[in-house]
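Please open the model in your viewer and keep the selection panel at hand.

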Amino acid sequence: MHTKKTTASSLSFAPNIVVAHRGAWKNNNLPENSIASLKEAIRLGCTGSEFDVHLTADDSLVVNHDAHYAGLTIEKSTYAQLSATKLSNGEMLPTVYHYLQAGMQQTKTMLVLEIKPSVISKERGQYLAEKVVALVKQLKAEPWMMYISFDYDILKKILELQPGAKTAYLNGEKTPGQLAADKIWGADYHYAVFKKNNSWIADAKKNGINLNAWTVNNAEDMQWFINNKFNYITTNEPELLFDIISKK
C-alpha cells in the first residue's frame with residue numbers, strides 16, 4: 001500500500017482509451033467483476049477498469065452487476081448469505097473494500113465505479129452514494145476513482161460529498177450542455193446514442209465534457225469512436241481494441 005498520500009496529479013493512467021467492462025474477463029473466462037478480472041485489466045494496461053456496486057441488507061458494499069446474485073436480491077440479503085456462494089473461479093463475492101485495495105496497488109488503471117440505482121428506493125440510492133464516498137475517503141482512493149451511474153441524483157450526491165470528483169452519466173438522455181451545467185465530468189452513453197445524436201460529440205468537446213461509449217465490442221464500431229476522438233471506449237473486448245489502436 002502507498003505510504004505517502006497519493007494525489008490525482010501523482011497518478012498517470014495509461015495513455016490509451018481502453019476501459020475494460022467489468023474487468024478483462026472474456027478472453028480468459030474469468031468471472032465478470034472479479035478481482036481476477038480487475039487484475040487482468042491492469043496487466044493488459046487498460047486506462048480504466050469498470051465495476052458495479054450494490055449495497056447489501058446489512059450495509060456491505062459489494063461488486064456485482066445484477067441486482068441479484070446466486071438467486072438472492074442483493075439489497076435484501078446479508079453479505080454472509082450472498083458470500084456463501086463463491087464466484088466461478090473460487091473467489092469470494094468481492095467487497096468494494098477489497099476491490100479498491102486491489103486496485104490501489106498500481107497507478108496506471110483508473111477504477112471506474114458504477115453505482116447501481118437502488119431497487120428499493122431513491123433514498124437508498126442516495127445512502128449507497130454516501131457509503132461509497134465514505135469508503136473511498138477512508139481508503140484514500142480518491143485519485144483512482146471515476147464514478148458512473150444511471151441515476152443522475154446519485155452523481156449529484158457524489159459531487160456534493162466529493163467536489164470535483166470525476167462523474168459520468170450513463171442513461172443517455174441529457175445533452176452535453178445539461179451535463180456541463182451540473183458539473184458532470186463525462187457523457188458515458190450507449191454507443192447507439194452517439195450515433196443517433198451525432199452533434200452531441202462536438203457539443204461535448206465544446207463544453208469540456210469527456211466522452212465514453214459503452215459497450216463497444218466489434219472492430220467497426222471501435223474504429224468509428226476512435227475516428228471521432230472519444231476519450232474512452234468501454235468494451236468486453238479490450239484485447240481487440242488494443243489490437244486496433246496498435247495498427248494505427
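This is a predicted model: local features need pLDDT of at least 70, side-chain atom pairs count only at pLDDT 80 or more; totals for chains, interfaces and linings use all residues.

The structure contains 1 cavity of 30 Å³ or more; on a 1 Å grid over the protein atoms alone, a cavity is a set of points where a 1.4 Å probe fits but cannot get out. Grid points are joined across faces, edges and corners, and a volume is the space filled by probe spheres set on the points. For the largest cavity that volume is about 40 Å³.

Residues are numbered from 1 along each chain as its sequence is written, and side-chain values use heavy atoms, with hydrogens and water left out.

**The cavity lining**

Select Met146, Ala168, Trp185, Gly186, Ala187, Asp188, Asn210, Leu211, Asn212 and Tyr232, which line the largest cavity; lining residues have an atom within 4 Å of a point. Colour them by class to find 6 nonpolar, 3 polar and 1 charged residues. In this scheme Ala, Val, Leu, Ile, Met, Phe, Trp, Tyr, Cys and Pro count as nonpolar, Asp, Glu, Lys and Arg as charged, and the others, Gly among them, as polar. Strands E9 (186–190) and E10 (210–214) each supply at least two residues of this lining; helices (H or I, at least four residues) and strands (E, at least two) are DSSP runs, numbered from the N terminus.

**The nonpolar cores**

Next, display the largest nonpolar core, which has 69 residues. Such a core is a set of buried Ala, Val, Leu, Ile, Met, Phe, Trp, Tyr and Cys residues joined through side-chain atoms within 4.5 Å. Buried means under 20% relative accessible area, exposed over 50%, and partly exposed in between (1.4 Å probe, protein chains only). Phe51, Leu100, Leu113, Val132, Met145, Tyr147 and Phe194 touch the most other members. Helix H4 gives the most to this core, with 7 residues.

Centre on methionine 145: leaving aside neighbours within four places in sequence, its contacts (heavy atoms within 4.5 Å) are Phe51, Leu100, Met110, Leu111, Leu113, Val136 and Lys166. Another core, of 7 residues, lies apart from the largest one and includes Tyr69, Ile74, Tyr79 and Leu82.

**Salt bridges**

The model has 12 salt bridges, each a side-chain nitrogen of Lys or Arg within 4 Å of a carboxyl oxygen of Asp or Glu. Select aspartate 52 and lysine 116, whose side chains form one of them (3.8 Å, N to O). Because aspartate 52 is in strand E2 (residues 48–55) and lysine 116 in the loop between strand E6 (110–115) and helix H4 (122–139), the pair ties together parts 64 residues apart in sequence. Aspartate 52 and lysine 116 are both buried.

Move to arginine 124 and glutamate 75, joined by a salt bridge at 3.0 Å, N to O. Arginine 124 is in helix H4 and glutamate 75 in the loop between strand E5 (72–73) and helix H2 (79–83), 49 residues apart. Both residues of this pair are buried.

In a further salt bridge, the closest N and O atoms of glutamate 32 and arginine 22 are 2.4 Å apart. Glutamate 32, at 32% relative accessibility, is partly exposed, whereas arginine 22, at 15%, is buried.

Which residues does serine 34 contact, leaving aside its neighbours within four places in sequence? They are Leu87, Glu91, Pro94 and Tyr99. Serine 34 itself lies in the loop between E1 and H1 and is buried, with 0% relative accessibility.

Methods:
On a 1 Å grid over the protein atoms alone, a cavity is a set of points where a 1.4 Å probe fits but cannot get out, and a pocket is an open set with protein on both sides within 12 Å along at least five of seven lines; lining residues have an atom within 4 Å of a point.
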